[in-house]
Amino acid sequence: MPSILLIDDLRSHVKFLNDFLSYVGYDVLTAYNAADGLEMARQHEPALILLDIRMPGMDGIAFVQTLRRDSRFCQTPVIALTASAMNGDRE
């Protein structure tokens, strides 16, 4: 089964998603910040990245911009996750 990299600073979110994705058979890699997520991506080249947009330090937008500079990840799907539901956040 393909590996999924999950990056989120909230451990409860990571645990929930990790438990579910592992249960359905995925190999889940986890990181709790974008910098560690970049390192994990470079080491393991996951098939998919699930990424929290709002994290301290490097946010999800900066993560994707940095990731896409590496030609190995120009086609890697990234799904952005957020709990923000305000109109400005949606934009």
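These legends go with a set of close-up views of a predicted model. Residues are numbered from 1 along each chain as its sequence is written, and side-chain values use heavy atoms, with hydrogens and water left out. Since the model is predicted, local features need pLDDT of at least 70 and side-chain atom pairs count only at pLDDT 80 or more, while totals for chains, interfaces and linings use all residues.

**View 1. Helix H3 and its buried face.** Helix H3 covers residues 60-68, and Gly 60, Phe 63, Thr 66 and Leu 67 are its buried residues. Buried here means under 20% relative accessible area, exposed means over 50%, and partly exposed is in between (1.4 Å probe, protein chains only). Helices (H or I, at least four residues) and strands (E, at least two) are DSSP runs, numbered from the N terminus. Look down the axis of H3 and the buried residues fall within an arc of 125°, so they line one face of the helix; the arc is taken from the directions from the helix axis to the C-beta atoms. Among the elements covering them are strand E1 (3-7), helix H2 (34-44), strand E3 (48-52) and strand E4 (78-81).

**View 2. The start of H3.** Here a side-chain oxygen of Asp 59 comes to within 3.2 Å of the backbone nitrogen of Ile 61. Ile 61 itself lies in H3 and counts as partly exposed, at 47% relative accessibility.

View 3. Ala 34, Gly 37, Leu 38 and Ala 41 are buried in H2. They take up an arc of only 100° around the axis, which puts them on the same side of H2. What the buried residues of H2 pack against is E1, E2, E3 and H3. At the start of the helix, a side-chain oxygen of Asn 33 reaches to within 3.2 Å of the backbone nitrogen of Ala 35. Just after H2 comes Glu 45, with a positive phi of about 45°. Glu 45 sits in the loop between H2 and E3 and is partly exposed, with a relative accessible area of 44%.

**View 4. Ile 7 and its neighbours.** Ile 7 belongs to strand E1 and is buried, at a relative accessible area of 0%. Leaving out residues up to four places away in sequence, Ile 7 touches residues including Ala 31, Asn 33, Gly 37, Ile 49, Leu 51, Met 55 and Phe 63; contact means heavy atoms within 4.5 Å.

**View 5. The nonpolar cores.** The largest nonpolar core has 13 residues, and Leu 5, Ile 7, Ala 41, Ile 49, Leu 51, Phe 63 and Leu 67 have the most contacts inside it. E1, strand E2 (27-31), H2, E3 and H3 each give two or more residues to this core, and H2 gives the most, with three. A second, separate core of seven residues includes Ile 4, Val 28, Leu 48 and Leu 50. Such a core is a set of buried Ala, Val, Leu, Ile, Met, Phe, Trp, Tyr and Cys residues joined through side-chain atoms within 4.5 Å.

**View 6. Arg 11 over Tyr 32.** The charged end of Arg 11 sits over the ring of Tyr 32, 3.8 Å from the ring centre. To count, NZ of Lys or CZ of Arg must be within 6 Å of the ring centre and within 35 degrees of the ring normal.

Methods: Polar contact = N/O pair within 3.5 Å; in protein donor to acceptor, adjacent residues only side chain to side chain.
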